[in-house]
Amino acid sequence: MIPFDDPRLTAIGLLTEVYAGLMAKMTPALTAAGLSEVDFGTLIRLARSPHHSLRMGDLAAQTGLSTSGVTRVVDRLEREGLVVRQACATDRRASYAALTDKGVDKVQEVLPQHLHDIEESFTGLLSPEQLETFLATLRIIRDVVHPCATAGAVEPGQIVRP
């Protein structure tokens, strides 16, 4: 019989509790800006990408959404003027989602409070060494459980053309 105090159960339980607590702290600022967690996750992925754009398939992979799910999110963000679709110059089957100037402004509007919330409830609780170790550990796990999370990411020095 597996004991109920198995450290694997503790690890996943703590991770779940931390995630729920962090989202409870961060969601009010997103809601005040008229964004859902998925909307902001999509916008920040685009903001952190070269030319503020990603292929739709890569955006779906990075966000963990299905292709139809990311299409719905991009449709909504496009209606709000935050994102625009762009045709791929080299592949007619592919299209990009790109932030508009209004989308960049929206991310900039939310970012100060978002970073404050992260610092206050998460990264600021760790020493620089602890944070470095934690990030490395998360990347190890992420690369196994969500290997497509970096789809479309650019290596340093790589040239990207939408």
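Axes are lines fitted to C-alpha atoms, for helices over the stretch in contact, and angles run from 0 to 180 degrees between N-to-C directions. The tour below concerns a predicted model.

Begin by selecting residues 53-55, 83-87 and 95-99, which are strand 1, strand 2 and strand 3. The three strands form an open sheet in the order 1-3-2, and their pairing is antiparallel. Strand 1 and strand 2 each have a single partner strand and stand at the edges, so one side of each is left without a neighbour in the sheet. On average, neighbouring strands are turned by 25° against each other, direction ignored.

**Between strand 2 and strand 3.** Next, look at the antiparallel pair formed by strand 2 and strand 3, which five bridges join. Select Arg85 and then Ala97 of strand 3, which stands opposite Arg85.

**Helices on the sheet.** Then show helix 2, residues 37-47. Helix 2 lies across strand 1, strand 2 and strand 3, and runs at about 95° to strand 3.

**Helix against helix.** Finally, select helix 3, residues 56-63, together with helix 4. Their axes are 9 Å apart, and the packing angle is about 105°. Helix 3 is therefore roughly perpendicular to helix 4. On the side of helix 3, display Met56, Leu59, Ala60 and Thr63; helix 4 contributes Thr67, Val70, Thr71 and Val74 to the contact. The residues of this contact comprise five nonpolar, three polar and no charged.

Notes
Residues are numbered from 1 along each chain as its sequence is written. This is a predicted model: local features need pLDDT of at least 70, side-chain atom pairs count only at pLDDT 80 or more; totals for chains, interfaces and linings use all residues. Side-chain values use heavy atoms; hydrogens and water are left out. Two strands pair if DSSP finds at least two bridges between them. Helices (H or I, at least four residues) and strands (E, at least two) are DSSP runs, numbered from the N terminus. Contact means heavy atoms within 4.5 Å. Angles under 35 degrees count as roughly parallel, over 145 as roughly antiparallel, 65 to 115 as roughly perpendicular and the rest as oblique. Ala, Val, Leu, Ile, Met, Phe, Trp, Tyr, Cys and Pro count as nonpolar, Asp, Glu, Lys and Arg as charged, and the others, Gly among them, as polar.
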